Amino acid sequence: MDYLSHIRAKNPLVLNITNVVVSNFVANGLLALGASPIMSNAKEEMPALTALCQALVINIGTLTRDQVVAMRVAGRRANECGIPVVLDPVGVGASAFRLETVNTLLAEIRFTAIRGNAGEIATLVGAQWQSKGVDAGTGEGDVAEMASSVANRYQCVVVVSGAVDVISDGTRIARVSNGTPLFPRITGSGCLLSAVCGAYLALSKEDHFHALWQACRDYAIAGQRAAQGLRAHQCGQFVVALLDSLAEINPATIKQEEKVDVK
């Protein structure tokens, strides 16, 4: 299934409970791709908004107690409605509050996917890893093994973004080698990928693994193309070019440029 074309044809509505740093960027990225974003942190409207949407993305980047309540309400409602839910555990190892929140969410909500960097996924699996704040950091654990472990533990698909994106459903592994070093030089590139994963899952009936490696591939290729001709310091231009590239990419370009290994 060509998910990108279906997103542009179906225009799925994706509810994002996300952080204040990236809200505008994520909304514009989804619009450029062909999806329809709605952004809210208000617990009072979560039951109604969740029921309207085709996917829910929960991002813990700038947590507040009220926002955690909204996440729990929306997540449970999404489960009731059969709507896919994506968790982005931003900086989960950076504070006790973040870790406590993620553990609560994982205990109460059935997540379709968890998308994070290597440091965040290492925290979920209890692996030794050195990271600073929300950075991916470094460690000795095998990323594919960590992804598979978390996927099996929470019965979901895990996406680990990095120089090579690793996607696992606990049995299968996909590696996407497209991308650009400019991704980690801007705020919100991972957060937008989580939202893109939500858009792809909105149209995925059963094979969420297939939908998610396509999401990572298409997003990485958009970034790769956006970075063409830019130097390492041109981060601001990359942000604008990435939005343009998300709107411009097409199945023919993706087929020519994809670097994906699925096992």
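Predicted model: local features only at pLDDT ≥ 70, side-chain atom pairs only at ≥ 80, totals over all residues.
Entry 1: I began with the total. The structure holds 13 salt bridges. I then looked up several pairs and checked the exposure of each partner.

**Entry 2: Arg77 and Glu80.** I found their side chains joined in a salt bridge, at 3.3 Å from N to O. Where do Arg77 and Glu80 lie? Both are in helix α4, which covers residues 65-81. They sit 3 residues apart, about one turn of the helix. I looked up accessibility next. Arg77 has a relative accessible area of 28%, so I logged Arg77 as partly exposed. Glu80 comes out at 60%, so Glu80 counts as exposed.

**Entry 3: Lys43 and Glu44.** Here the side chains meet in a salt bridge with an N to O distance of 3.5 Å. Is Glu44 buried or exposed? I noted Glu44 as exposed, because its relative accessibility is 64%. Lys43 reads 31%, and therefore counts as partly exposed.

**Entry 4: Arg217 and Asp218.** I recorded a salt bridge between these two side chains, at 2.8 Å from N to O. Why does Asp218 count as buried? Its relative accessibility is 1%, and the cut-off for buried is under 20%. Arg217 stands at 10%, so Arg217 is buried as well.

Note on methods:
Residues numbered from 1 in each chain as written. Heavy atoms only, no water. Salt bridge = Lys/Arg side-chain N within 4 Å of Asp/Glu carboxyl O. Buried < 20%, exposed > 50% of the residue type's maximum accessible area, 1.4 Å probe, protein only. Helix = DSSP H or I, 4+ residues; strand = E, 2+ residues; numbered from the N terminus.
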